[in-house]
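User: I've just opened this one. Walk me through it, please.

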Amino acid sequence: MDAAVVIGRGVPLGAEEQVAELYWEAFGRKLGAALGPPERGRAFIADHIHHDRAAVALTRGGDRVVGVAGYRLGGRALTGGGVRDVLGAYGLFRGLPRLAVLALLERTPEPGELVMDGIAVDPAHRGAGIGSLLLTEIAAVAAEHGCSRVRLDVIDANPRARALYERHGFSAVRTEQTPYLKHLMGFGAVTTMHRAHPGHSLEQQR
């Protein structure tokens with residue numbers, strides 16, 4: 001594990017652009033069709049972050065975010081922005097097709113479920129166990145909110161991420177073939193994975 005980082009909760013004020021950069025570096029191919037070009041997409045993400053919907057890895061001095069795991073819980077995810085925000089940023093003509101693409105990426109939690117958006121780690125800090133630390137923190141968040149399971153989606157183009165999730169107790173429950181997204185977003189299948197949290201009641205999420 002990387003002793004040079006600490007794990008915390010919530011995106012620090014002032015670190016929005018750092019998180020947006022990490023997210024775009026990790027998921028830009030997927031997000032580009034909806035929020036591109038890159039500079040505009042990063043700006044949109046930074047402007048619409050829900051600060052309390054992430055576990056983060058910070059350099060020990062706390063001055064930089066080098067890893068982030070966003071999640072959706074209680075109706076909010078790390079990355080926000082509604083119809084009005086998208087149309088305001090991209091205009092009506094360009095915004096409407098972008099909303100259609102974003103709808104394809106939308107994942108709504110079921111009762112008692114926390115949905116992960118994904119993990120993004122700075123390239124210079126990969127291979128040091130930060131992803132595992134973030135997953136452990138997300139599991140703690142789910143337990144504290146009484147969730148019975150954590151759910152995530154992993155694309156076929158990211159086998160390393162799937163291997164990480166499997167090491168942390170996630171199991172594949174279904175795979176959706178998406179050949180129509182291969183050219184647009186760079187992947188042809190999405191696998192949904194669950195990690196159960198037995199013994200936790202389905203308390204109301206806050």
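**Charged pairs, a bent helix and a cavity**

Analyst: Arginine 151 is buried, with a relative accessible area of 7%. Buried means under 20%, exposed over 50%, and partly exposed in between, using a 1.4 Å probe on protein chains only. This is a predicted model, where local features need pLDDT of at least 70 and side-chain atom pairs pLDDT 80 or more, while totals for chains, interfaces and linings use all residues. Residues are numbered from 1 along each chain as its sequence is written, and side-chain values use heavy atoms, leaving out hydrogens and water.

User: Which residue forms a salt bridge with arginine 151?

Analyst: Glutamate 113 does, with the closest N and O atoms 2.6 Å apart. A salt bridge here is a side-chain nitrogen of Lys or Arg within 4 Å of a carboxyl oxygen of Asp or Glu. Glutamate 113 sits in strand β4 and arginine 151 in strand β5 (residues 149–155), so the bridge ties together parts 38 residues apart in sequence. Helices (H or I, at least four residues) and strands (E, at least two) are DSSP runs, numbered from the N terminus.

User: Is glutamate 113 buried or exposed?

Analyst: Buried, with a relative accessible area of 1%. Shared partners also join Glu110, Glu113, Arg149 and Arg151 into one salt-bridge network.

User: How many salt bridges does the structure hold?

Analyst: There are 12. One of them pairs glutamate 137 with arginine 9, closest N and O atoms 2.6 Å apart. Glutamate 137 is in helix α4 (residues 130–144) and arginine 9 in strand β1 (residues 5–9), so this pair ties parts that are 128 residues apart in sequence. Arginine 9 is partly exposed, at 41%.

User: What does arginine 72 meet in a salt bridge?

Analyst: The side chain of glutamate 106, at 3.3 Å from N to O. Glutamate 106 is in the loop between α3 and β4, while arginine 72 is in strand β3, 34 residues apart. Glutamate 106 is partly exposed at 41%. Arginine 72 is buried at 16%.

User: New topic. Where does α1 bend?

Analyst: At glycine 28, by about 95°. That is the angle between axes fitted to the seven residues ending there and the seven starting there.

User: What covers the buried residues of α1?

Analyst: The cover includes α2 (38–47), β3 (65–72), α3 (83–105) and β4 (113–121). Among the buried residues of α1 are Trp24, Phe27, Gly28 and Leu35.

User: And which residues does leucine 102 touch?

Analyst: Ala34, Leu35 and Val86, not counting residues up to four places away in sequence. Contact means heavy atoms within 4.5 Å. Leucine 102 is in helix α3 and is partly exposed at 22%.

User: Last one: how many cavities of 30 Å³ or more?

Analyst: The structure holds 1. A cavity is a set of points on a 1 Å grid over the protein atoms alone where a 1.4 Å probe fits but cannot get out, and lining residues have an atom within 4 Å of a point. The largest cavity has about 30 Å³ of space. Its volume is the space filled by probe spheres set on the points, which are joined across faces, edges and corners.

User: Which residues line the largest cavity?

Analyst: Met116, Leu135, Ile138, Ala139, Val150, Phe170, Arg195 and His197. Helix α4 gives the largest share of that lining, 3 residues.

Definitions and conventions. 1 Å grid on protein atoms, 1.4 Å probe; cavity = no way out; pocket = protein on both sides within 12 Å on 5 of 7 lines; lining within 4 Å.
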